[in-house]
Amino acid sequence: MINGPRGTKDILPDTVAQWTHVEKVIRELCARYGYREIRTPIFEHTELFLRGIGETTDVVEKEMYTFTDRGERSLTLRPENTASVVRSYLQNKLYAADALVKLFYIGSMFRYDRPQAGRYREFHQFGVEALGEENPAVDAEIIVLAVEFLRALGLQELKLHLNSVGCPKCRPVYRERLQEFFRPHLEELCTDCRSRFERNPLRLLDCKNEHCHALAEGAPRITDCLCDECRVHFTEVQSYLTAAGIPFELDANLVRGLDYYTKTAFEVKYTPLGAQSAVAGGGRYDGLVEEVGGPPTPGIGFAVGLERVLLALEKQELLPEELEAVDVFVVALGEAAQIPAFKLLHELRAAKLSAAMDFAGRSMKAQMKQANKKNARFVAILGEDEVKEASALLKDMKTSEQKKLALKDFVPALCVEVKN
C-alpha cells in the first residue's frame, strides 16, 4: 500500500463540512467588506518568491518545494500567496479598474517543515490583500477583518499583537542598533542566527530557539528608531483600531517572517494553542510590487492558516457536526423492482431532491437499516405488488406513517411533503 507523503493530510468526507463551514464564513465576511476572490496557480517561477519573499528568509532558504520542469525552468510550489497575488495584479492590470484593489483567496500552500499539530507541508490559507492605498485606515480595516473572521467562527481568548517594522528610510538605523546589541553574544547564537546577523538581523528577534529568544530580551525596540512618517502612520493605525473597539497589545519583537513587510505588522493569537498560538498574521508591504517589477504601489494583507483555525475550533468545541441526510431513500425489493426504482431515483434527483438507493439487492431489513444510517426523511418502497400497480409506498420516517401513491404522482407529492 502506498501512503500519502509525510506532512500531507486527506480531508475526508466526515470533516469536509467543517471546512465548508469556515469557507462560508470567509465568503460572507469578505463580501461585506468588499473583497473579491482571486485564484492563482499553485506553482510560479521561482524568481517570484526569491525577489518577493527574500533570499535570506527561512522560507526561501529551507522550506520551498522547487523543481525544474521539462523546459529547464525553475518552478516552485507556492509557499505563500501574497507574491502570487501581486504578480497577478500586475500581469492582469487589475490596478486599471480601481485605485484600491481588494482581493481574497483560499488555497493550498507548500513548505518543507517538521509536521506538527495544525501544521503540515501542504497547508491551506485564507488571505486578503488590499493594493493601491497607503492610508492607515486600510491597515485598520485589514486587521479588523482578520479579528472579525475569527470572532465570527466563535473563537474567544484572541489577542492582537501590533508593531511597526519601519521602512527603508529608518530600518538601517535599527539594523545597526540590533547588531550592536547582539555582537557581544554572537558566539552564543544558533547557527541560523549567526548567519542572519549580517544578512537580516531583524530575523534574530523571530528565532524559535529558546536560548536565542532569551538573548533577545532587552533588545532595542524598532519603534524607537522609526522615522516621522512611520511613527505617524503607526499612531494613526492604533487610533483607527481604538475607534473600532479592537483591543491590541504593542509587541516590539513582532517582525514577521518575510522580507517584504514595511510599517504595520500584526498577529492574532489564540492563547489556548500554547507556544504556537498565532492563527493569523500579516502587515504592510509597500515595496513588494516594485520588487517584482511593478511601479511603487502600497499594499497590505494577512493570511490565516486554516488547519490551525480548525484546531482552535476543535478545542472550543465549535466545529459543526456533519450529519449525512437525504430526503428520500428508495428501497427496491426483488429483481423486477430494480429498473422502476432506478427510474424513480432519477426523477427524484431531477426534482432537486436528495435521494439514495441500495444497489446490492439486499433484504428489506438491510435496506431500511441503510436508510436510517443516511438519516432519510422518507423511504419509497417498491416491491412486486407496487411494480404491477405502477405505484410505490411512501413511508414517513419520523411518524412511521405510510401511504401508497401512483408512480406518476409520487415525485410531485413528495416535493410537497418535503417542503412541509
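## A walk through the model

Start with Leu394: its bridge partner is Lys403, which sits in strand E16. Keep in mind as you click around that this is a predicted model.

Now show the whole of both strands. E15 covers residues 391–396 and E16 covers residues 402–406, and they pair in the antiparallel sense over 5 bridges. Strands in a sheet are held together through backbone hydrogen bonds, and the pairing can be parallel or antiparallel. Between E15 and E16, the hairpin has 5 residues, and Ser400 there takes a positive phi near 70°.

**Next stop: a sheet**

Select E1, E5, E6, E11, E10, E9, E7 and E8. In that order they make up an open sheet of 8 strands with mixed pairing. Which strands are at the edges? They are E1 (36–37) and E8, and each of them pairs on one side only. Zoom in on the E8 end: E7 (residues 158–164) runs parallel to E8, and 2 bridges join them.

**Next stop: the annotated residues**

The UniProt record, an unreviewed entry, puts a "binding site" feature at Glu80, Asn81, Thr82, Arg111, Gln125, Glu129, Arg256, Tyr260 and Tyr261. Colour them and pick two to visit.

Go to Arg111 first. You'll find Arg111 in the loop between strand E5 (101–110) and strand E6 (122–131). Show its side chain, which reaches the backbone oxygen of Pro79 at 2.9 Å. What else is Arg111 in contact with, leaving aside its neighbours within four places in sequence? Pro79 is joined by Val59, Glu63, Tyr65, Glu80, Tyr120, Arg121 and Phe123.

Now jump to Tyr260, in the loop between strand E8 (249–250) and strand E9 (262–270). Is Tyr260 buried or exposed? Its relative accessible area is 6%, so it is buried. Skipping neighbours within four places in sequence, Tyr260 is in contact with Gly52, Ile53, Glu80, Thr82, Arg284, Tyr285 and Leu288.

**Next stop: a buried glutamate**

Select Glu44, found in strand E2 (residues 43–45). With 7% relative accessibility, Glu44 counts as buried, because the cut-off is under 20%. Look for Arg87: its side chain makes a polar contact with the side chain of Glu44 at 2.7 Å. Not counting residues up to four places away in sequence, Glu44 touches Phe49, Ser74, Leu75, Thr76 and Ser84 as well as Arg87.

**Next stop: one face of a helix**

Show helix H7 (residues 191–199) and highlight its buried residues, Cys193, Arg196 and Phe197. Turn the view to look down the axis of H7: these buried residues fall within an arc of 120°, so they line one face of the helix. What do the buried residues of H7 pack against? Bring up helix H3 (58–63), helix H6 (171–182) and helix H8 (210–215) to see their partners.

**Last stop: the cysteines**

How many disulfides does a search of the whole structure find? The count is 0. Take Cys170 as an example: the nearest cysteine sulfur belongs to Cys230 and is 3.9 Å away, and Cys170 is in no disulfide. A pair would have to be within 2.5 Å to qualify. Cys170 also counts as buried, at 4% relative accessibility.

Key: Residues numbered from 1 in each chain as written. Predicted model: local features only at pLDDT ≥ 70, side-chain atom pairs only at ≥ 80, totals over all residues. Heavy atoms only, no water. Buried < 20%, exposed > 50% of the residue type's maximum accessible area, 1.4 Å probe, protein only. Helix = DSSP H or I, 4+ residues; strand = E, 2+ residues; numbered from the N terminus. Arc of directions from axis to C-beta. Contact = heavy atoms within 4.5 Å. Pairing = 2+ DSSP bridges. UniProt positions renumbered as here; feature names shortened; annotations may be inferred. Polar contact = N/O pair within 3.5 Å; in protein donor to acceptor, adjacent residues only side chain to side chain.
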